[in-house]
Amino acid sequence: MINESVRGTAPAETREIALSVSHVWKRYTQNERHVSLRHEAANLIKQWFQRERLSHQTPPFWALKDVSFTVHKGESLGIIGRNGAGKSTLFRVLSGVTEPTQGTVTVNGRFAPLLALGAGFNPELSGRKNIYLNAVMQGMKLSDIDKIVPQIIEFSELADFIDLPIKRYSSGMASRLGFSVAIHTLPDIVFLDEILAVGDAEFQEKCKTQILRLREEQRTILFVSHDAGAVRTLCSRAIWIDHGQLVMDGAVDEVLHAYQGGGAD
């Protein structure tokens, strides 16, 4: 039986759990395996029209296979694995970008996903208007947003471009603004997917400093990265995904040691 993803307030007995994943499976057709976040919705519609034909041409591909784990409030969890291992699919499921084929995800708290460059921005609106739009969507009041807008702009280093439409931003500029919005709106849970792979070294270090600040404030952080050093610095725990399955879950040093010792990149 396929269960719908569950999102909202967890029961009282699980109040200290920020996120719970129970027996999650995710199936794609072979043609859907490399769908990007930006084009996922359009391609899913296309696949709907082609479902009958594709069902006879390509076997299903299970990107996730019976994955279960919990994340407690205040934890910083790194998700590691080779390219194509299923970690980005897992991130999409956790953040609600896509639904699991089977299993449940329970999220307790307000979250801010940073899954792709500029994801969630309206390209026709200015950077400033997108700040307000994103913050309102996260449930913030206008009076509170007014207070943090100068901080968001300063951190992003985009003051000279903030009133230009997002469509005129480079991918790096959009990513910097998205990161700044996410960390200044103070969500309970922050999802970071390779966000530190863009920008210059100085900006990356500034981002790491802010993530460490969120850790000190007991925000819950989920971080996907190929950078073992960044995972070790920013996370206290890690899970290793391989071929869609959870191989190991434990202290970050132990998981990274096993992962790297197995010949990983």
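**Questions on the predicted model**

Modeller: Let us begin with S180, which has its place in helix α5, residues 171-184, bearing in mind that this is a predicted model.

Biologist: How many of the 14 residues of α5 are buried?
Modeller: The buried residues of α5 include M173, A174, S175 and R176, and H184 is also one of them. The helix is therefore largely enclosed by the rest of the structure, and the number of its buried residues is twelve.

Biologist: What distance does α5 reach from its first C-alpha to its last?
Modeller: With 14 residues and 1.5 Å a residue, a span of 20 Å is expected for α5. The model comes close to that expectation, and the value from first to last C-alpha is 20 Å.

Biologist: Which residue just after α5 takes a positive phi?
Modeller: Most residues other than glycine have a negative phi. Just after α5 there is a residue with a positive phi of about 50 degrees, and that residue is L186.

Biologist: Where is E157, which has a positive phi although it is not a glycine?
Modeller: The phi of E157 is about 60 degrees, and E157 is partly exposed because its relative accessible area is 43%. E157 is found in the loop between α4, residues 142-156, and α5.

Biologist: In which strand does H23 lie?
Modeller: H23 is not a glycine, yet has a positive phi of about 50 degrees. At 46% relative accessibility, H23 counts as partly exposed, and the strand in which H23 lies is β1.

Biologist: In what order do the three strands of the open sheet that contains β1 stand?
Modeller: Nine bridges join β1, residues 17-29, to β2, and these two strands run antiparallel; within this pairing, the partner of L19 in β2 is V71. The three strands form an open sheet with antiparallel pairing, in the order β2-β1-β4.

Biologist: How many of the five residues of strand β3 are buried?
Modeller: On one side of β3 stand S76, G78 and I80, and on the other L77 and I79, and both faces are covered. The strand, residues 76-80, is therefore largely enclosed by the rest of the structure, and the number of buried residues is five.

Biologist: Which residue of β8 is the bridge partner of G78?
Modeller: Four bridges join β3 to β7, and these strands run parallel; there, G78 stands opposite F223. Four bridges also join β3 to β8, again running parallel, and the partner of G78 in β8 is A238.

Biologist: How many residues has the largest nonpolar core?
Modeller: Among the elements that give two or more residues to this core are α5, β6 (189-193) and α6 (201-216), and the residues with the most contacts inside the core are I80, F179, L192, F223 and V231. Apart from it lies another core, of 22 residues, among them V71, I79, V105 and I241, whereas the size of the largest core is 23 residues.

Biologist: What average pLDDT does the protein chain have?
Modeller: Over residues 1-15 the pLDDT is below 50, and over residues 35-39 it stays under 50. Where pLDDT is low, the predicted coordinates should not be read in detail. For the protein chain, 76% of the residues score at least 70, and the average pLDDT is 80.

Note on methods. Residues numbered from 1 in each chain as written. Predicted model: local features only at pLDDT ≥ 70, side-chain atom pairs only at ≥ 80, totals over all residues. Heavy atoms only, no water. Pairing = 2+ DSSP bridges. Expected span 1.5 Å × (residues − 1). Buried < 20%, exposed > 50% of the residue type's maximum accessible area, 1.4 Å probe, protein only. Core = buried A, V, L, I, M, F, W, Y, C linked by side-chain atoms within 4.5 Å. pLDDT = per-residue confidence, 0-100. Contact = heavy atoms within 4.5 Å.
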